[in-house]
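Here is a short briefing on a protein model. Look through the sequence and structure, then read the points below.

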Amino acid sequence: MDMDNTTITNGKSSACSISEFVQILRRADMNGADRLFGGHLMTWMDEVAAVSARRYAEGPVTTACIENMRFLRPAHLNETLVVTGRVIYTGRTSMEVLVTAETEAYDAQRTLIADAHFILVALDEDENPRAVIPLIPTTDEEKVLYEEAKKRRQK
């Protein structure tokens, strides 16, 4: 295995899982009220979660659950949408991916419009759950997110 700054002894950093999707919102993305259609946003968020989990697990994954999906503000025609995901917690076979959706202004300022916690499971070649390498949080923010996720899993 090629050792880099995302591989840690006995675990991995969430840095290896970061993924991002960028879209300029078009008429086809709007609902009847001329706001971003929530179903489109959910699809993009699920895809970003899957890419993050695939990168982390280094293999196929499946979405098991979407928790705490929050739609906070609308997005409108011609706005730039940025959807970002990263693994924030791992169980034995599962990964929790935090996905955020933001609109980005011309000056690069971002406004959070939605977020969710996606639970994905790593799969083997027979589509059975398989173990993932433990996540080792390295920054203060990662440690906080990890502990919050750990508490959610214990409920």
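Met-42, Ile-66 and Phe-71 make up a nonpolar surface patch, together about 260 Å² of accessible area. This is a predicted model: local features need pLDDT of at least 70, side-chain atom pairs count only at pLDDT 80 or more, and totals for chains, interfaces and linings use all residues. Residues are numbered from 1 along each chain as its sequence is written, and side-chain values use heavy atoms, with hydrogens and water left out.

**Patch**
- Patch residues have over 30% relative accessible area and no salt bridge; like charges are joined within 9 Å, nonpolar side chains (Val, Leu, Ile, Met, Phe, Trp, Tyr) within 5 Å.
- A salt bridge puts a side-chain nitrogen of Lys or Arg within 4 Å of a carboxyl oxygen of Asp or Glu.
- Areas come from the Shrake-Rupley method with a 1.4 Å probe; for residues, only the protein chains shown count as cover.
- Met-42 sits in helix H1 (residues 38-57).

**Sheet**
- Five strands form an open sheet in the order S3-S5-S6-S7-S4, with antiparallel pairing.
- Strand S3 (19-24) and strand S4 (61-71) are the edge strands, each pairing on one side only.
- Strands and helices are DSSP runs (helices H or I, at least four residues; strands E, at least two), numbered from the N terminus.
- Pairing takes at least two DSSP bridges between two strands.
- Strand S5 (residues 80-90) and strand S6 (residues 94-104) pair antiparallel over 10 bridges.
- Val-83 stands opposite Ala-101 in S6.
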